[in-house]
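This report describes the arrangement of strands, helices and selected side chains in one protein model. The sequence and structure are shown first.

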Amino acid sequence: MASVRNTFAITNAHVVPIEGDPYDGTVVVADGRISAVGPKAKPPRRADVIDAEGGWVLPGFVDAHTHVGVWNEGEGWSGQDTNEMTDPVTAQVRALDAIYPGDLGFTDALSGGITTVGINPGSGNVIGGHCVAVHTSGRTVDEMVLRSPVGIKSALGENPKRVYGDQKKAPSTRLGTAAVMREAFVATQNYILKRDAAKKEKKPFDGRDLKLEALAMVLEREIPWRQHSHRADDIATAIRIADEFGYELVLDHGTEAHLVADLVAAKGIPVLIGPLIVSRSKVEVRNRSTVNPGLLAKAGVEISIITDHPVCPIAYLVHQATLAVKDGLDRDTALRAITINPARVLGLEDRIGSLEVGKLADLAIWSGDPLDMMQRAQTVYVEGEQVYAFEGSSPA
C-alpha cells in the first residue's frame, strides 16, 4: 500500500509503544514507516503535523484468527467460503483465494483499531488449508497481503467428526480425526524423502502434490500448524501429535487450555484464546470464560486474544481484552495479546505489533485508553495512509 503522506508527525499524544514504556510525545512517519518516536522526537521541517490533543496512540491491533472476507455477514451461502467440506484433508486450499475486500468486516475492524488480521479456513475439515495475514484496508487482496501462508489450519474436536459423521464418512470420531492427521503427515514424510532424493540425484521430480507441498511446509517448520482445539483432551492430542512429528504448534481457541496450562507453558506453545464474547453453543465451549486468559498468562503461556469473526464481531476485539482485564489479566499483557503477540504468531513481529523505528506505520489515535469501553479509535493509519476516521473526531 502506497503512503498518501510523505512525512507527518503525530504530536501531543500519549504513546503506548507496547515494546517499551508509555510516554507523552511524538510519533513521526515517513514513507509509510515509523521514522522517530519518543518524548523528544521532533516533527521534521515541512512535515504535516497532527495534534492528537492528548489522545492515545497505539500500534494497530492484530487479530490472528478471523474469517473476515471469507465468511461475509448478511450474504448467506453466497458469502460463505470458509470450508471446502468435500474431503477431510484440503491442505491445498487457500483462504487467500476467497477473500472479498468489500466485506463489511474490514470496515468494522478499522473502527476497532485493527489493522492486521489472520484469515483462516474454517474447522469443518480435519485439515482446512492455508491461513493468510492481511491488512484490513485495500482494493484487492493482493494489495492487502502481508504474509502468505502464515500456517495450515487443522481442527480437532466436535466439528470435523460431526461434518463427516453426518455424511457417513470417516472421520466420525475423535480417534478417527487423529488418524486422518497422522496418515496425512506420514504421506508427507514419504513425499519429502522422494523429493529430496530426486534433488540429491539431480533428477526431475515429477510427483508434485499441492496437498503434500503444503504439509511439507509444516513438517519443515516453515509455517506453524494452527490447531483448532477447545477441550483439554483435544489440546492434549494436539500436543501429542506435534511431538510425534516435530512441527511448530499454535493452539487456536484453547477454551480449556487453562486446565492443562502447565503442560502448554512447558512446551512454549502460544494460545490464541477466544472468542470470549459468545454463547456456549456447543459442549466443547461450555467452559468459555473471560477469566481464562488471565489464568493462562499467570501460568506462563503466551496468549493472543481473537474474535473468530464473525462468531464474535471483530470490532469487539479490544472489548474482550477489557473484560479479561476485569477478570484478572494484567493490562499490559492484555495489550500485548492484541498487538505484538499475535504479530509474532503470524511471523510479522519485525513489521507490525509495536511502535518502533523502521516498522510499518500501522497505528491508531484513540480518544483515550482503549481498554476503557467508552473510548474509541478516532483515526487509523495503515502504512502511513489514513484509512479510517470516526465522524466528528478531531485529528485529521
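## The mixed sheet

An open sheet is built from eight strands in the order β6-β7-β8-β9-β10-β11-β12-β13, and its pairing is mixed. The edges are taken by β6 (61-66) and β13 (303-305), each with a single partner strand, so one side of each has no neighbour in the sheet. On average, neighbouring strands of this sheet are turned by 25° against each other, direction ignored. Strands (E, at least two residues) and helices (H or I, at least four) are DSSP runs numbered from the N terminus; two strands count as paired if DSSP finds at least two bridges between them.

The model is predicted: local features need pLDDT of at least 70 and side-chain atom pairs pLDDT 80 or more, while totals for chains, interfaces and linings use all residues. Residues are numbered from 1 along each chain as its sequence is written, and side-chain values use heavy atoms, with hydrogens and water left out.

## Helices on the sheet

Strands β9 (residues 145-155) and β10 (residues 225-229) run parallel and are joined by four bridges. Within this pair, isoleucine 152 stands opposite tryptophan 225 of β10. Helix α5 (residues 210-219) packs on the sheet, where it touches β8 (127-135), β9 and β10, and its direction makes about 95° with that of β9. Contact here means heavy atoms within 4.5 Å; axes are lines fitted to C-alpha atoms, for helices over the stretch in contact, and angles run from 0 to 180 degrees between N-to-C directions.

Helix α9 (residues 317-326) lies across β6, β7 (114-119) and β13, at about 100° to β6. In helix α3 (residues 158-166), the buried residues are Glu158, Asn159, Pro160, Val163, Tyr164 and Gly165, where buried means under 20% relative accessible area, exposed over 50% and partly exposed in between (1.4 Å probe, protein chains only). These buried residues of α3 pack against β9, α4 (174-200) and β10.

## Nonpolar cores

A nonpolar core is a set of buried Ala, Val, Leu, Ile, Met, Phe, Trp, Tyr and Cys residues joined through side-chain atoms within 4.5 Å. The largest has 79 residues, of which Ile119, Phe185, Trp225 and Tyr247 touch the most other members. Not counting residues up to four places away in sequence, tryptophan 225 touches several residues, including Ile152, Met181, Phe185, Leu215 and Tyr247. Another core, of 16 residues, lies apart from the largest one and includes Val27, Val57, Leu355 and Ile365.

## Aspartate 252

Aspartate 252 belongs to strand β11 (residues 249-253) and is buried, with a relative accessible area of 0%. Its side chain makes polar contacts with those of histidine 65, at 2.6 Å, and arginine 226, at 2.8 Å. A polar contact is a pair of N or O atoms within 3.5 Å; within protein, one must be able to donate a hydrogen and the other to accept it, and residues adjacent in sequence count only if both atoms are side-chain atoms.

Strand β15 (residues 377-382) is mostly covered, with six of its six residues buried. Strand β14 (residues 363-366) pairs with β15 in the antiparallel sense over four bridges, and tryptophan 366 has alanine 377 of β15 as its bridge partner. Strand β16 (residues 385-389) also pairs with β15 in the antiparallel sense over four bridges; here valine 380 is partnered by tyrosine 388 of β16. The hairpin of β15 and β16 has two residues between the strands, and glutamate 383 takes a positive phi near 50° in this hairpin.
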